[in-house]
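Subject: Structure for you to look at, with notes

Dear colleague,

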Amino acid sequence: MWTEPVDILATTGTGSLTVFSLRTDVYGDLVLFWGSDNRLKMSSAAPRDALSASGWSTADVALESSFYGDLEIDDAGRYHAVYTSQNLRVQYVMSSDGQIWTQPVTVGDVVGPTRALSFADLALDAAGRLYATWTENDGLNNWLASAVCV
């Protein structure tokens, strides 16, 4: 049985809010990976507090202009995230506490002036290996997807 929807997050800027993924961490807390005003954020709450906006804590994940991200949490409780930065690079960051994130590591770059990257996604296998995918878009083809990269 589903409960009635409850507003738990709101954007503070003029842009829209987009949810990229919802996960549970090693403690059973809900972890929401989302973006607003071209910034990525992660919010978490214990299930008993999730129906109240004040029950969620939020941290910035990427301070640079970023879009289209995904988050995975490994068995050790580390947070792994990928996102597209200004549609030019796919970046990877990691955090052991969900508050302090590593410097971004580039895992993908555009290959020409009429290319852009979007829809970064992340997978974690049973052995703890991470896999990233993203879409490459072509400006010469109305920015339609021209490739999926791993």
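Two strands are said to pair if DSSP finds at least two bridges between them, and the elements themselves, helices (H or I, at least four residues) and strands (E, at least two), are DSSP runs numbered from the N terminus. Please keep in mind that this is a predicted model, in which local features need pLDDT of at least 70 and side-chain atom pairs count only at pLDDT 80 or more, while totals for chains, interfaces and linings use all residues. Residues are numbered from 1 along each chain as its sequence is written, and side-chain values use heavy atoms, with hydrogens and water left out.

How enclosed is strand 2 by the rest of the structure? Strand 2 (residues 30–36) is largely enclosed, because 6 of its 7 residues are buried; here buried means under 20% relative accessible area, exposed means over 50%, and partly exposed lies in between (1.4 Å probe, protein chains only).

Two asparagines deserve a careful look. Asn38, in the loop between strand 2 and strand 3, has a phi near 60 degrees, which is a positive value in a residue other than glycine, and Asn38 is partly exposed, with a relative accessible area of 36%. Asn142 likewise has a positive phi near 60 degrees and is not a glycine; Asn142 is placed in the loop between strand 10 (130–138) and strand 11 (144–149), and at 69% relative accessibility Asn142 counts as exposed.

Next come the charged side chains. Side chains of opposite charge can pair when their charged atoms come close. The structure holds 7 salt bridges, a salt bridge being a side-chain nitrogen of Lys or Arg within 4 Å of a carboxyl oxygen of Asp or Glu.

One of them joins the side chains of Asp70 and Arg23 at 3.1 Å, N to O. This pair links distant parts of the chain, since Asp70 lies in strand 5 (residues 66–73) and Arg23 in strand 1 (residues 17–24), 47 residues apart. Asp70 is buried at 4% relative accessibility, whereas Arg23 is partly exposed at 23%. Arg23, Asp70 and Glu72 are linked in a network of salt bridges.

Another salt bridge is formed by Asp60 and Lys41, at 2.6 Å from N to O. Here too the pair links distant parts of the chain, with Asp60 in strand 4 (residues 57–62) and Lys41 in strand 3 (residues 39–45), 19 residues apart. Asp60 is partly exposed, at 36% relative accessibility.

Finally, Arg78 and Asp74 meet through their side chains in a salt bridge of 2.9 Å, N to O. Arg78 is partly exposed, with a relative accessible area of 36%, while Asp74, at 7%, counts as buried.

With best wishes
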